[in-house]
Amino acid sequence: MSGQNSGAAGYAPSKILGSLFLAVATLIFFSESVSLKGKQVVFLGVQSKYVSLAEGRVRPLCAFTVCVDFNKTEKTVGNGTAFSYDLSSNSTDIKRVELALSFHNSTLQMFFLGSFIDFGEYVGAYKMHQICCVWDSQAHLLEVFWDGKKLVQRSLPDFHLRCLRPNGTLVMGHLHKNYNGQIEIIQRSSFVGIVHYFQMWDYVRRQQDIERCEDGNVVSWRENYWFLKDVRTESAQHQRCGAEEPISPFPPITSPNSNVTGMDLWDASNFNKP
């Protein structure tokens, strides 16, 4: 009996210490997170430097809107990734990246729920672009808005009820794979330029809504859960959504680009060519 009491007495302090350690570690973890309100992030194409979102922030999303502003600041660099989102697995196949916005040979592309889309849209340098991806799994409808115009409106029957899966890693500035919980940056995918005002909502936002500077209810640029790994930030007060009040609207809305075919599978080995 006394042995049992002794064991219980010995276990209780260690359990308390373990709980305290977890609480302190959690406090430290979240104290390192920052808000990017009023800031933009500068990327120089270095693989070891990126911005990430706290894991577990993204929940299952069967309808969502994702928007980001970015500026390619080096004309001679044709490849780059504004952001990528991936789930933990033992696969390094980049065709299975859950969601990503990138460009190859300065042509806009997207990884979308395990498939790949080539938009055929040229990504010019020295200009802040906004792109928004809107997905409604119930209607199996994908819409993509590029600088205020509707670039894509496409029905994807094979994607009916397909949802964005939760608890992945979201990385700015690189195409990445979440390899068994570790971030693995894909070579020749690193962005050179500025990323600003990434937002994610858990519902479909209409064309007239996405141009407004409003915070996402899933992911917000202004919330304190971004982690910066050796990247530089600077003031974004001059940007469209950098100040408290919007300062520059998009050009007038034009008709969709009829040349976009979409859903073309792309040879992932291109990123690894010298």
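## Contacts and overall make-up

Look at contacts (heavy atoms within 4.5 Å) with a separation of 6 or more, and 70% of them in this chain join residues 24 or more positions apart. This is a predicted model, where local features need pLDDT of at least 70 and side-chain atom pairs count only at pLDDT 80 or more, while totals for chains, interfaces and linings use all residues. Residues are numbered from 1 along each chain as its sequence is written, and side-chain values use heavy atoms, with hydrogens and water left out.

The chain has 16 strands and two helices; these are DSSP runs numbered from the N terminus, with helices being H or I of at least four residues and strands E of at least two. Of its 274 residues, 48% are buried, meaning under 20% relative accessible area with a 1.4 Å probe, protein chains only (exposed is over 50%, partly exposed in between).

The average pLDDT (the predictor's confidence in each residue, from 0 to 100) is 81, and 77% of the residues score at least 70. Both ends of the numbering need some care. Residues 1-31 stay under 50, and the model gives them two contacts beyond four places in sequence. Residues 245-274 also stay under 50, but there the model has 62 such contacts. Where pLDDT is low, the predicted coordinates should not be read in detail.

## His 196 in strand 14

His 196 belongs to strand 14 (residues 192-201) and counts as buried, at 0% relative accessibility. Leaving out residues up to four places away in sequence, His 196 touches Lys 39 and others, including Met 128, Trp 221 and Cys 241.

## Aromatic pairs

The whole structure holds 11 aromatic pairs, that is, Phe, Tyr or Trp rings (six-membered ring for Trp) with centres within 6.5 Å; planes under 30 degrees apart are stacked, over 60 edge-to-face, the rest tilted. Phe 83 and Phe 198 are edge-to-face, because their centres are 5.0 Å apart and their planes sit at 70 degrees. That pair links strand 4 (residues 80-86) to strand 14, 115 residues apart. Phe 83 is buried at 4%, and Phe 198 is buried at 0%.

Phe 112 and Trp 135 are also edge-to-face, at 5.2 Å and 75 degrees.
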